[in-house]
Structure formats: structure tokens, C-alpha cells
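Subject: The structure you asked about

Hi there,

Here is the structure, ready for you to open next to your own notes. Please have a look at it first, and then read on for what turned up.

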Amino acid sequence: MKKYIKHILCISAFGVLYSCSKDAVKPEPIPDPEQTIAIKLAADFSVGRYNVVLIDPEVTIENSNGVVPQYKWTVKVTGKDGVVKDSVICDTKTLQFIAPKANDYAVNFTVSSGKVTKQAATKVKVSETNKTYNLKALTLVDYFPAPGITNDDLSFTDKSSLLSKIQSDLTDGAAIFLGTFGGYVVTKFDHTVINAYATRDFIVQMQSSENIKFSPTSIFVAYDANKNGIADENEWYEIAGSEYHKSTTVKNHEMTYYKPDPAKPAVAGPAAWQFDTTYLKYTDNKNGSGAITRTTKFRRWNYYPQWLGDSYTLKGTKVYIPVKDVSDGAGTSFNVGTFEWGYGGIKDSSIDISWAVDANGKKVHLPGIDFVKVYVPTFTATGASDLLTAYFEEVRDLNF
């Protein structure tokens with residue numbers, strides 16, 4: 001037993017001496033395996049203009065060590081100066097390629113992971129469709145105004161007759177009344193408006209005036225992914241403008257408007273312009289309620305759409321807009337604020353399709369859009385000037 005202990009102690013001492021020796025040979029570190037990228041991409045694709053072709057390459061990255069890869073699709077374009085250069089058209093792995101002109105496009109795909117980069121190329125042949133397209137969305141899909149004085153001009157007893165009139169207005173370029181909160185119009189392009197990379201794609205024109213105050217309008221867009229010619233419920237996305245993430249903005253807001261009783265006596269307010277302060281009642285889905293005041297100037301006008309029943313509900317994102325009475329509380333003159341970007345009826349009402357988000361506020365990647373819904377997101381009274389409402393004019397493709 002003593003011999004055994006000595007033997008063990010001897011080995012231990014030897015091990016200590018060996019590990020502390022200046023002449024000890026340290027093992028070489030094992031290098032990390034080299035990172036590699038492999039891409040499988042078809043040599044060519046074909047599609048008609050204003051149609052989408054899906055390009056989904058197979059990308060294999062070995063030994064990435066958790067590095068998130070970066071993707072870039074580029075196409076050769078000729079600038080105004082005549083110089084041919086690479087233009088970025090997408091930054092995701094999958095490309096939904098769409099082009100407005102018939103041509104053969106050389107498309108390059110780059111994958112970067114850490115310091116390693118790999119490229120591949122393909123060609124897309126875009127052919128003619130023998131169709132003539134319009135830069136404006138001139139097909140009316142749906143229309144529903146919220147309360148407002150101009151409803152008195154729409155003396156229809158059924159919606160089909162109303163839609164026929166609004167389609168005629170849209171074709172002729174006449175302004176279309178939307179009313180107050182929730183009032184909307186839905187129009188369709190005869191082609192897919194392309195979601196051009198890092199630029200604005202379409203513009204929403206609203207009626208403007210130096211003397212009359214109008215509400216900015218919010219926007220929903222839809223891409224007809226299944227090509228059934230319909231904007232399906234799951235294809236709609238909201239344009240998240242400058243006000244979308246503010247604490248004063250209310251998502252999924254609903255307002256129900258009730259048909260006024262023509263036999264009800266008017267309840268005048270203290271101001272001369274307040275002809276009936278209980279004229280048109282409303283409730284919302286946040287336990288709010290109240291009434292739209294009928295002004296003295298428009299006391300003989302019907303604010304409520306005449307073809308509707310006892311009530312109707314409109315929905316959308318409700319946005320706060322600053323409004324200030326500048327008539328010393330008389331309610332006869334107001335300053336109305338505006339929004340910075342992402343809305344119709346503002347200084348720059350051009351829209352980038354890349355601002356679209358889903359119902360949870362998450363960004364979505366759309367190759368383009370076919371349908372546009374424009375609606376009023378505000379609910380604000382401006383005294384003797386009546387409600388803050390909006391008039392739609394047109395939606396136009398900026399990349400046409």
C-alpha cells in the first residue's frame with residue numbers, strides 16, 4: 001500500500017513538473033471550420049409585364065456560427081446619364097419579381113454571411129400582355145360615407161344606384177365625399193402597382209382648399225396574391241404613417257351612427273350656430289357616446305346617408321388631430337393640424353408600399369398592390385364650420 005501511494009505521488013509530481021516546464025509543448029488550437037455558402041438558382045424565368053414571378057433560390061450556409069445572412073437582389077438599369085448600373089430591388093431571400101416594361105432583365109443575387117460572400121445570377125424575360133393600362137385606380141370596388149352635410153346630395157334609396165353614381169364621379173375625376181370617421185372608398189388599379197425598392201410608389205390625392213379645413217385620410221392596401229380579382233379579407237394591410245405608433249392613436253376603433261328622428265324637436269345650444277346639439281347620435285366600441293350637432297347653416301340638410309336603415313357601423317384606426325378654436329371660444333374659426341407622412345390630404349401624400357403592416361403592426365413585404373382603401377381616421381367637430389370631413393379625388397401610380 002505504501003508503495004502504491006508513493007507511485008501515485010510520483011506521477012502527480014511528474015505531472016506538475018511537466019505542466020509547469022518551460023519546454024512544455026502546448027497543443028495547437030483547433031481552427032473553426034471554414035464558412036461556406038452555396039446557391040442554387042434557376043438560369044431563367046419568364047413572366048408578363050405587371051405580373052409577379054416568384055424566385056426562391058436554395059441557399060445553404062455551412063459553419064455560419066449563428067451569423068444572420070444578408071441578401072441583396074440587383075438588376076441592371078440605365079440612368080438618365082446613360083450609365084448602366086446595379087439597382088437594388090429587394091433585400092430578402094425570396095424575390096417576387098415584377099416589371100412594368102417588356103424586356104430581358106439580368107438579375108443578380110448576393111448572399112453575405114460575416115466575411116463570406118457568394119453571388120449567383122439569373123435572367124427574367126418579361127413579355128408584352130397586349131393590354132393598355134391606366135396610371136389611376138379607376139375601378140370602384142366599394143364606397144361608404146360617414147355622416148356629413150354632402151350626404152344630402154346623394155338622394156338614393158339603394159346602394160347599387162349610389163355606387164353607379166360614385167363610379168361615374170371617379171371616372172370623371174369629380175371629388176367623392178367621405179364624411180367623418182370611418183367614411184371610405186375602395187378603388188382598384190388595372191395593373192399591380194410595383195413596390196419599388198426604397199422609393200414611394202403611389203399618391204392619394206384629396207380635395208384641398210385654403211378656406212375649408214379637411215381631414216387627412218388613412219390608407220389600406222391589398223395585393224391580389226391569389227389573382228381572383230378580389231381584395232380578400234386576409235390580403236388587406238394598413239399603411240403605418242407618422243401617427244400609427246403614437247399613444248393617442250386608437251387601433252380597431254368602431255363607431256356606430258344612428259339615423260336621426262325627423263320628428264324630434266331640435267335642441268339648440270348656447271351658440272347661434274348650434275341648431276340641434278342632439279341631432280345625430282353615435283356610440284363607439286370604447287363605451288363612448290354623444291351626438292353630432294346640426295349647424296344652423298345646414299339645418300335643412302340630411303347628414304345621414306338616406307339609403308341606410310336605423311344605424312350602421314364603420315371601423316378603422318382612429319387618429320388624433322390637433323384642432324384649436326381661434327375665435328375666443330365662439331366656435332366660428334379653427335386651426336387644424338396635419339400629419340407628417342403616410343396619409344392622403346397632407347403636404348406630401350405619396351406612399352411607400354413598404355410602410356404596410358399587418359393587424360399586429362408587423363411589417364409585411366408586398367411585391368405591389370392592386371387595391372387601395374382610403375378612409376377618414378379622425379372624428380372632430382369644427383363648430384360653425386361643421387364636421388372635419390374629407391373629399392377623395394384619385395389614387396395614382398407614381399412608377400407608371
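**What turned up**

Methionine 255 sits opposite aspartate 284 of strand 17. Strands here are DSSP runs of E with at least two residues, numbered from the N terminus, and two strands pair if DSSP finds at least two bridges between them.

Before going further, please note that this is a predicted model, where local features need pLDDT of at least 70 and side-chain atom pairs count only at pLDDT 80 or more, while totals for chains, interfaces and linings use all residues. Residues are numbered from 1 along each chain as its sequence is written, and side-chain values use heavy atoms, with hydrogens and water left out.

**Two open sheets**

Strand 16 and strand 17 (residues 274–284) run antiparallel and are joined by three bridges. Both belong to an open sheet of four strands, ordered 18-17-16-19 with antiparallel pairing. Strand 18 (289–295) and strand 19 are its edge strands, and each pairs on one side only. From one strand to the next, the twist averages 35 degrees; the axes behind that angle are lines fitted to C-alpha atoms, and angles run from 0 to 180 degrees between N-to-C directions.

Another open sheet has six strands in the order 10-12-24-14-15-23, again with antiparallel pairing. Strand 10 and strand 23 (356–357) are at the edges with a single partner strand each, so one side of each has no neighbour in the sheet. Five bridges hold strand 10 and strand 12 together in the antiparallel sense. The bridge partner of threonine 139 is lysine 188, in strand 12.

**Two pockets**

A pocket here is an open set of points on a 1 Å grid over the protein atoms alone, where a 1.4 Å probe fits, with protein on both sides within 12 Å along at least five of seven lines; lining residues have an atom within 4 Å of a point. Its volume is the space filled by probe spheres set on the points, which are joined across faces, edges and corners.

The largest pocket holds about 1300 Å³ of space. Its lining has 41 residues, and those closest to the centre are Ile89, Ile194, Asn195, Ala196 and Tyr197. Strand 5 (70–78), strand 6 (84–90), strand 7 (95–97) and strand 8 (103–113) are the elements that give two or more residues to this lining. Strand 6 provides the largest share, five residues. By class, the lining of the largest pocket has 22 nonpolar, twelve polar and seven charged residues. For these classes, Ala, Val, Leu, Ile, Met, Phe, Trp, Tyr, Cys and Pro count as nonpolar, Asp, Glu, Lys and Arg as charged, and the others, Gly among them, as polar.

What is the volume of the second largest pocket? The second largest pocket comes to about 690 Å³. It is lined by 23 residues, with Phe220, Glu233, Trp236, Asn252 and Lys373 nearest its centre. Among the elements that give two or more residues to this lining are strand 10 (139–144), strand 12 (184–194) and strand 16 (250–258). Strand 16 makes the largest contribution, four residues. The lining of the second largest pocket divides into eleven nonpolar, four polar and eight charged residues.

**Aromatic pairs**

Rings of Phe, Tyr and Trp (its six-membered ring) pair if their centres lie within 6.5 Å; planes under 30 degrees apart count as stacked, over 60 as edge-to-face and the rest as tilted. The model has 18 aromatic pairs by this rule. In one of them, the ring centres of tyrosine 50 and tyrosine 133 are 4.9 Å apart and the planes are at 70 degrees, so the pair is edge-to-face. Tyrosine 50 and tyrosine 133 are both buried (under 20% relative accessible area; exposed is over 50% and partly exposed in between, with a 1.4 Å probe and protein chains only).

Tyrosine 282 and phenylalanine 379 also pair edge-to-face, because their ring centres are 4.8 Å apart and their planes at 70 degrees. This pair links distant parts of the chain, 97 residues apart, with tyrosine 282 in strand 17 and phenylalanine 379 in the loop between strand 24 and strand 25 (390–397). Ring pairs also join Phe144, Tyr184, Tyr257, Tyr304, Trp307 and Tyr312 into a cluster.
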